[in-house]
Amino acid sequence: MSIEKNIQTVKDFFAAIGRGDKEALLALVAEDIEWIIPGKDWPLAGTYRGHAGLADLLETASGSMETSTEPREFVAQGDRVLVVGFASGKVKATNKPFEDDWIFAITVTDGRLTSIREYIDTQALARAAQMDASGPV
């Protein structure tokens with residue numbers, strides 16, 4: 001596929017996430033997608049594989065965070081699309097806010113996302129997920 005089509009596929013993916021449209025999301029990702037979120041000490045860190053893994057990630061995200069994600073720039077070469085963006089929100093368990101500048105490195109093969117690797121501010125998210133000694137704020 002062309003670079004322009006790959007970028008459009010990734011834009012469609014983020015639009016589906018924004019709408020909460022699981023059906024459209026699954027249509028845009030390969031059955032064997034791998035989504036890697038680095039870090040520890042916060043709810044979303046881990047490696048998610050396949051449609052079942054993606055469903056688990058989305059369920060965990062909606063249950064543990066309120067977030068607004070804004071992809072701001074799309075840079076592509078071959079089958080790779082880098083997305084530069086910003087997210088803000090709060091971790092529900094602690095009620096602590098976070099702000100996160102991020103980059104997603106996405107591979108698109110035959111019109112479907114096959115891998116996503118997030119580069120995020122894991123410290124900001126871990127701080128927001130951390131309980132204080134007295135419990136949630």
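**Close-up views of a predicted model**

**View A. W35 and its contacts.** Leaving out residues up to four places away in sequence, W35 touches F13, I17, G46, T47, Y48, L54, L57, F104, I116 and E118 (contact: heavy atoms within 4.5 Å). This is a predicted model, where local features need pLDDT of at least 70 and side-chain atom pairs count only at pLDDT 80 or more, while totals for chains, interfaces and linings use all residues. Residues are numbered from 1 along each chain as its sequence is written, and side-chain values use heavy atoms, without hydrogens and water.

**View B. The largest nonpolar core.** F13, W35 and I106 touch the most other members of this 32-residue core (buried Ala, Val, Leu, Ile, Met, Phe, Trp, Tyr and Cys residues joined through side-chain atoms within 4.5 Å). Among the elements that each supply at least two of its residues are helix 1 (3-19), strand 1 (29-37) and strand 5 (96-109) (DSSP runs numbered from the N terminus: helices H or I, at least four residues; strands E, at least two).

**View C. T9 in helix 1.** T9 lies in helix 1 and, at 8% relative accessibility, counts as buried (buried is under 20% relative accessible area, exposed over 50%, partly exposed in between; 1.4 Å probe, protein chains only). Beyond its neighbours within four places in sequence, T9 meets M1, L28, V108, G111 and L113.

**View D. Helix 4 and its start.** Here A124, L125, A126, A128 and A129 are buried. The buried residues of helix 4 pack against strand 3 (65-77), strand 4 and strand 5. At the start of helix 4, the backbone nitrogen of A124 has a side-chain oxygen of D121 within 3.1 Å.

Technical notes
A polar contact is a pair of N or O atoms within 3.5 Å; within protein, one must be able to donate a hydrogen and the other to accept it, and residues adjacent in sequence count only if both atoms are side-chain atoms.
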